[in-house]
Amino acid sequence: MSDLTLHAGAPGAALTAREYHLAHDPHPENGTSLGFWLYLMSDCLIFAALFATYGVLGRSYAAGPSGADLFDLKLVAINTAFLLLSSITFGFAMLRKQLNDVKGTLLWLAVTGLFGLCFLALELYEFHHLIEQGAGPQRSAFLSAFFTLVGTHGLHVTFGLVWLVVLMIQIGQRGLIHENQRRLMCLSMFWHFLDVVWIGVFTFVYLMGVL
Amino acid sequence: MAPHDMTHDPHHDGHHGDTGPHSSFSGYMTGFVLSIVLTAIPFWLVMAKVITERNTAVLVLGAFAVVQILVHMVCFLHMNGKVEGGWTLLSTIFTVVFVAIAIAGTLWVMYQMNAHMMPEHPRQPAAAVSGMGS
């Protein structure tokens, strides 16, 4: 405090002090990515709660069907492949973005969206199939926990797809301006994060469910 | 990679850092190939019924999942100790610890609660019921 008044007393020193503060950005270099990362981490806690719920209730079948009766691992393998492929194609979109290639970025984003859509369609087919068999979320605690966990992940993918389409329109209209690059970085983090959650889902729900 | 410099357009107010870290084709491909291998092996282990003992299978599958999550973190999410001056890594470590405590604690407590519950069937012989408590 006394330091500041001292500087204000001497006009020349105050001027250089002001210039110093203007030249150096007071914000952290990369605030958006840290903020978005913190959002992802809090999202992680939601999934942790759902995984814990599934861990507790995953064997409470209420004399109904178990995971081994219901899960079709081939379907899950195809679904996992879709999500993995969409991750790498998003990576390609980011690489095109680095080259300032608008068309290439849009093309790879569209491919990513298609894979995401395939993933979602297959998951909805699986849900529909289960409910038709009478294995809906109201059948047992196991199925309630299963539908909540996998459904929450699917909902995230849905919103990711909506975001993807909106961002593609924005890039189409404005090109790869600074703001769109920032949005693209956030969406890529979101998309890869969903892939990480899916690793947990297919390992702990599907693979361990049929053991 | 000369065109890359165009993204660092000087007329933007010096915030060029928040468009994300520089990523490379080889980094993505390494992650992709590794994640395919780390996905295929667990699926094969389960679908071909290679490991019959459940506990072993759970441990092996869990290990594969952890390794694959690390691969995704490094190759796709570009995680390292330097991004954001280490704050990204620090918040991740905090989350991992929190998640581990929450999940392990939940499973432990709920398992113990189930184990100490009164038996559901009143027709069980009294000896068996008293044996539960010991």
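## Reading the model

Residues are numbered from 1 along each chain as its sequence is written, while chains are lettered from A and ligands numbered from 1 in the order in which they are written. Because the model is predicted, local features need pLDDT of at least 70 and side-chain atom pairs count only at pLDDT 80 or more, whereas totals for chains, interfaces and linings use all residues.

## Confidence

For the complex, the predictor gives an ipTM of 0.82 and a pTM of 0.82. Per-residue confidence is given as pLDDT, the predictor's own score from 0 to 100. Chain A averages 89, with 86% of the residues scoring at least 70. In chain B the mean is 80, and 74% of its residues reach 70 or more.

Some stretches call for care. Residues 1–10 of chain A stay under 50 in pLDDT, and the model has four contacts for them beyond four places in sequence; a contact here means that the C-beta atoms of two residues, placed from the backbone, lie within 7 Å. In chain B, residues 1–16 also stay under 50, with 12 contacts beyond four places in sequence, and so do residues 128–134, with three such contacts. Helix α4 (residues 126–133) of chain B has the lowest confidence in that chain, at a mean of 47, while helix α1 (residues 25–47) of chain B has the highest, at 95. Helices (H or I, at least four residues) are DSSP runs, numbered from the N terminus. Where pLDDT is low, the predicted coordinates should not be read in detail.

## Two domains in chain B

Chain B is divided into domain 1 (22–78) and domain 2 (80–116), with bounds that come from an automatic or database domain assignment. The C-alpha centres of these two domains of chain B lie 20 Å apart.

## Where the chains meet

Across the interface, 44 residues of chain A are in contact with 46 residues of chain B. On the chain A side, α3 (31–57), α5 (73–98) and α8 (178–209) each supply at least two residues. The largest share, 14 residues, comes from α3(A). By class, this side of chain A has 25 nonpolar, 15 polar and four charged residues. In this scheme, Ala, Val, Leu, Ile, Met, Phe, Trp, Tyr, Cys and Pro count as nonpolar, Asp, Glu, Lys and Arg as charged, and the others, Gly among them, as polar.

One helix pair bridges the two chains. α8(A) packs on helix α2 (residues 54–75) of chain B at an angle of about 175°, with their axes 10 Å apart. Axes are lines fitted to C-alpha atoms, for helices over the stretch in contact, and angles run from 0 to 180 degrees between N-to-C directions. α8(A) and α2(B) are therefore roughly antiparallel (over 145 degrees; under 35 counts as roughly parallel). Contacting residues include V196(A), I199(A) and G200(A) of α8(A), and L61(B), G62(B) and A65(B) of α2(B). The contact has eight nonpolar, six polar and one charged residues.

Terms used
Angles under 35 degrees count as roughly parallel, over 145 as roughly antiparallel, 65 to 115 as roughly perpendicular and the rest as oblique.
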